[in-house]
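Let us read this model together, one feature at a time. Keep the sequence and the 3D view open.

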Amino acid sequence: MERVTTAPRPQWQAKLDEIGFPFHTDADGTAYWDESAYWRFSLAEIETLEEAAEEVYRLCEEAVGHVVSRGLYEAVGLPRWAAPAIEASWKEREGRDMPLYARFDFAWDGKGGPPKALELNAETPTSLYETAVAQWCWLQDVHPDADQFNSLEEALVERWQARMQAFPALASQAEAVHFACLMPHPEDEATIAYLQTLALRAGMTTKAMPIQAIRYDDSSGCFLDDAGLPIRHLMKLYPWDWMIREETGRELVTAAAQGRIRMIEPAWKMVMASKGLFALLWELNPGHPNLLQTALDRTGFPAGAKVVAKPLLGREGSNVSIATLDAAGLPVGQPIAQTEGPYVDEGWVYQSFTPLAESYGNHAVLGVWMAGDRACGLGIREDRALITGNTSRFVPHLIAPS
Amino acid sequence: MKRSRTVAALLLGGISPLLFACGEDGPEEATVYPSIEACTAEKPASDCAEAFAAARQEHLAGAPRFSNREACEAEMGDGACTPANEGVGSGTGSVFVPALVGFMIGRSLTGGYAQPVYFDRQGYARSGNTRIAETPLPPQRRDEIRQGSGGVASSSGSYYRPGSANSGKSFTVTTSGRSAGFGSTGSSRGFSGS
């Protein structure tokens, strides 16, 4: 793999506007979508990433099963009272509580060792449209004869079709899927609209609404939409671990546990989305070539180890710090890098530091997309800093013709 | 091949947009014009007329059909329906279809495609080639009524339409139950995924 610098398409901003992606430039005028470079892969490299992602996903599923069967919810930062929804959905994970998607973050430079999984964004992964559509159109415009690790859209349409098979009422359109996110929020609304588009293509009836407009009817135990109709299937671009702590969170746990509402992602995904899962992954699979040493306490690392501390339920690269630890697990001197943020309450997970692919000071994290348990796409985020955050640039990729 | 054969771009026009596969720009280029006027500003008028006719044909072929205007409006919203067979035959056996609200526009390896999208009066979106009348959703509850404003405007990239989708008139919503209270954590933290 190699980073290639190149001239952006003339009027690249207009081209992105045209395909419904106006979010290419950050508020401060810097590019979020960055086509002044791309990453070039060989097919063999892509296959290595694909295999690593499917392997680690399998281990993640095993780890969720381990948490559920032993009730280890505290270890992943979740309250025990959420267990009924998690356990009921886990039983139906092959059918009516099937997962939709997730995105791994991998560190790998294509040389030396195998790809290392940093984390799994199993609930509300960002950069979906950039990956599935914007870089697809870029490739089609610039290198139509090259290929791209990007069957994400097709794979997601197939997931919606699988869901229709599990629910005859969705197939007959007697029931609909509601799509909810915070509104107003242009980026999230666009993501929700894209997911809705794919569900429409699969043949479903859909409805978008603000998550704030959802209502709860105490007499029926049902959640209602803004027209007063019951919500049977809810795709929410909003984390479970927040919903359960909001006003009707316990009612949601009960309704989901009893199948009155089917959530996308299902409740078991909140276990998979916890950063604490990676500590358990290491405990269950110590030394696995695609994993990094990860633990909930920092005393187990050798003196002098460079370690990354992340909030258990953190997001967007917030509150992450990188430091060298002494024999007692205490940081030596100032952190090597750190970010601010709001996630300071719910515990920490510590992971051995591993370098990202780097080219001329650009650090690239490889986002491998999963549809169900299948790896189906790659989206790359770059930053001058060591910690990838929500302003890191999206850089397209291609697979060089062999 | 490790990439999708087609992708769906997020373009949903408030008025019927037109997907125009531009011959001179090569088969991979596609441009959307919101109206025949916008099209003729850049293209020969005959090409625009032909393309609009093709889009309309696709709409009429795929739109959900109702046997009369009342049945159509009951589902799709007041004033939202038009006869499907205007200009054809003597007008006997009229069929009503919802006015086209927008197209899902996409790109494929060999060009573009457009699939019609319709909204019913409660904001449910369906794609073309769906026979809505055969499988109605539960009837709207009318026990509590309040006034609101419908809207025809739709912005690119969003299917969310407050209230009635395609009627400019007042609409009916219920206020059953209580607010579920979702969204408070994210509103305070500026959430946007991970």
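**Reading the fold and its contacts**

Buried residues make up 55% of the 402 residues in chain A. This is a predicted model: local features need pLDDT of at least 70, side-chain atom pairs count only at pLDDT 80 or more, and totals for chains, interfaces and linings use all residues. Residues are numbered from 1 along each chain as its sequence is written, while chains are lettered from A and ligands numbered from 1 in the order in which they are written.

Q: What makes a residue buried, exposed or partly exposed?
A: Count the other C-beta atoms within 10 Å of its own, with C-beta atoms placed from the backbone: 20 or more is buried, 12 or fewer is exposed, and in between is partly exposed. A:Met370 has 26 such neighbours inside 10 Å, so A:Met370 counts as buried. A:Arg40 has 16 within 10 Å and is partly exposed.

Q: Which helices and strands count, and how many does chain A have?
A: Both are DSSP runs, numbered from the N terminus: helices are H or I with at least four residues, strands are E with at least two. Chain A has eleven helices and 20 strands. A:Met370 sits in strand E17 (residues 362-371) of chain A, and A:Arg40 in strand E2 (residues 37-41) of chain A.

Q: Which residues does A:Met370 touch?
A: Contact means that C-beta atoms, placed from the backbone, lie within 7 Å. Not counting residues up to four places away in sequence, A:Met370 touches A:Ala53, A:Tyr57, A:Tyr101, A:Ala102, A:Phe104, A:Ala375 and A:Cys376. The C-alpha atoms of A:Met370 and A:Glu54 are separated by 8.1 Å, though the two are 316 residues apart along the chain. For A:Arg40, with neighbours within four places left aside, the contacts are A:Met1, A:Glu2, A:Val4, A:Leu398 and A:Ala400. In chain A, residues 24 or more positions apart account for 69% of the contacts with a separation of 6 or more.

Q: What is a nonpolar core, and which residues have the most contacts inside the largest one?
A: A core is a set of buried Ala, Val, Leu, Ile, Met, Phe, Trp, Tyr and Cys residues joined through C-beta atoms within 7 Å. The largest has 146 residues, and those with the most contacts inside it are A:Cys60, A:Phe106, A:Val271 and A:Met370. Helix H2 (residues 43-70) of chain A gives the largest share of this core, eleven residues. Another core, of eight residues, lies apart from it and includes B:Phe96 and B:Val97.

Q: In what order do the strands of the open five-stranded sheet run, and why do two of them stand at the edges?
A: Two strands pair if DSSP finds at least two bridges between them. The order is E11-E15-E12-E13-E14 (chain A), with antiparallel pairing. Strand E11 (294-295) and strand E14 (337-338) of chain A are the edges because each has a single partner strand, so one side of each has no neighbour in the sheet. E11(A) pairs with strand E15 (residues 348-352) of chain A over two bridges. There A:Thr294 stands opposite A:Gln351.

Q: How many residues of chain A are in contact with chain B, and which element gives the largest share?
A: 69 residues of chain A are in contact with 50 residues of chain B. H7(A) gives the largest share of the chain A side, eleven residues. A:Arg215 stands opposite B:Ser179 in E9(B).

How values were computed
Contact = placed C-beta atoms within 7 Å.
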